[in-house]
Amino acid sequence: MDKTLKFSDSHEWVRDNGDGTVTIGISEHAQEMLGDVVFVDLPDVDDEIEAGESFSLVESVKAASDIYAPIAGTIISSNEALDSAPETVNEAPFDEGWFFRLQPTDDKALNELLTPEDYRALCAADDH
């Protein structure tokens, strides 16, 4: 697992882009639980979101699931490729399957998220 990633306990990942922005998506564990993704409702550019707020919806063959903002900020871009290829979330959740890029409100918010090791432990506990 990519050491540059941080995770929320609701299964979203955050990657620091190194330029004051972050990229956000859902974890491999989350996409496996959802099954085949058939639709992703993405936020609009310039939308402001609060940490913990539901900002998106993912529909799969199994269920529809809200996606929650791991940190607060302003949307600077959405992955429009998911409109025509939502299955990319299943195929490459940490790469081409990203959801949006965000300008965080608080740079220190990343420090409050789970490390990859802590997230793995959370998933292992969920599986039992």
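What follows is a short exchange about a predicted model of one protein.

Trainee: How do you know how confident the predictor is in this protein?

Mentor: Look at pLDDT, the predictor's confidence in each residue, which runs from 0 to 100. The mean for the protein is 92. Of its residues, 98% reach 70 or more.

Trainee: Which elements have the lowest and the highest mean pLDDT?

Mentor: Helix H4, residues 116-126, has the lowest, at 90. Strand E8, residues 73-78, has the highest, at 97.

Trainee: What is the order of the elements from the N terminus on?

Mentor: The order is β-β-β-α-β-β-β-β-β-α-α-β-α. That pattern holds 4 helices and 9 strands.

Trainee: What share of the residues is buried?

Mentor: Buried residues make up 46% of the 128. As for the surface, the protein exposes about 6700 Å². Carbon and sulfur atoms supply 46% of that area.

Trainee: Why is Val37 called buried?

Mentor: The cut-off for buried is under 20% relative accessible area. Val37 has 4% relative accessibility, so Val37 counts as buried. This residue lies in strand E4, residues 37-41.

Trainee: Which residues does Val37 touch beyond four places away in sequence?

Mentor: Val37 touches Val58, Glu59, Ser60, Pro86, Glu87, Val89 and Asn90. Lys62 is 25 residues from Val37 in sequence. Their C-alpha atoms are 8.7 Å apart.

Trainee: What makes Ser56 buried?

Mentor: The value is 4% relative accessibility. Buried means under 20%, so Ser56 qualifies. Its place is in strand E6, residues 54-60. Ser56 touches Val40, Asp41, Leu42, Ser65, Asp66, Ile67 and Phe99, leaving out residues up to four places away in sequence.

Trainee: How far is Ser56 from Glu87?

Mentor: Ser56 and Glu87 are 31 residues apart along the chain. Their C-alpha atoms are separated by 16 Å.

Trainee: What is the phi angle of His11?

Mentor: Phi of His11 is near 80 degrees. That is a positive value in a residue other than glycine. His11 sits in the loop between strand E1 (5-7) and strand E2 (12-16).

Trainee: His11 is in a loop. Is His11 buried or exposed?

Mentor: The relative accessibility of His11 is 10%. That falls under 20%, so His11 counts as buried.

Trainee: Where is Asp46 found?

Mentor: Asp46 is in the loop between E4 and strand E5 (48-49). Phi of Asp46 is near 80 degrees, a positive value in a residue other than glycine.

Trainee: Why is Asp46 called exposed?

Mentor: Exposed means over 50% relative accessible area. Asp46 has 59%, so Asp46 is exposed.

Trainee: How do you know that Lys108 is exposed?

Mentor: Use the cut-off of over 50% again. Lys108 has a relative accessible area of 60%, so Lys108 is exposed. Lys108 lies in the loop between strand E9 (100-104) and H4. Ile71 is 37 residues from Lys108 in sequence. C-alpha to C-alpha, the two are 9.8 Å apart.

Trainee: How many positive and negative side chains does the protein have?

Mentor: The protein has 7 positive and 30 negative side chains. The centres of the two sets lie 10 Å apart.

Notes. Residues numbered from 1 in each chain as written. Heavy atoms only, no water. Helix = DSSP H or I, 4+ residues; strand = E, 2+ residues; numbered from the N terminus. Buried < 20%, exposed > 50% of the residue type's maximum accessible area, 1.4 Å probe, protein only. Areas by Shrake-Rupley, 256 points an atom, 1.4 Å probe, with all protein chains shown as cover. Lys, Arg positive; Asp, Glu negative; His and termini not counted. Charge placed at Lys NZ, Arg CZ, Asp CG, Glu CD. Contact = heavy atoms within 4.5 Å.
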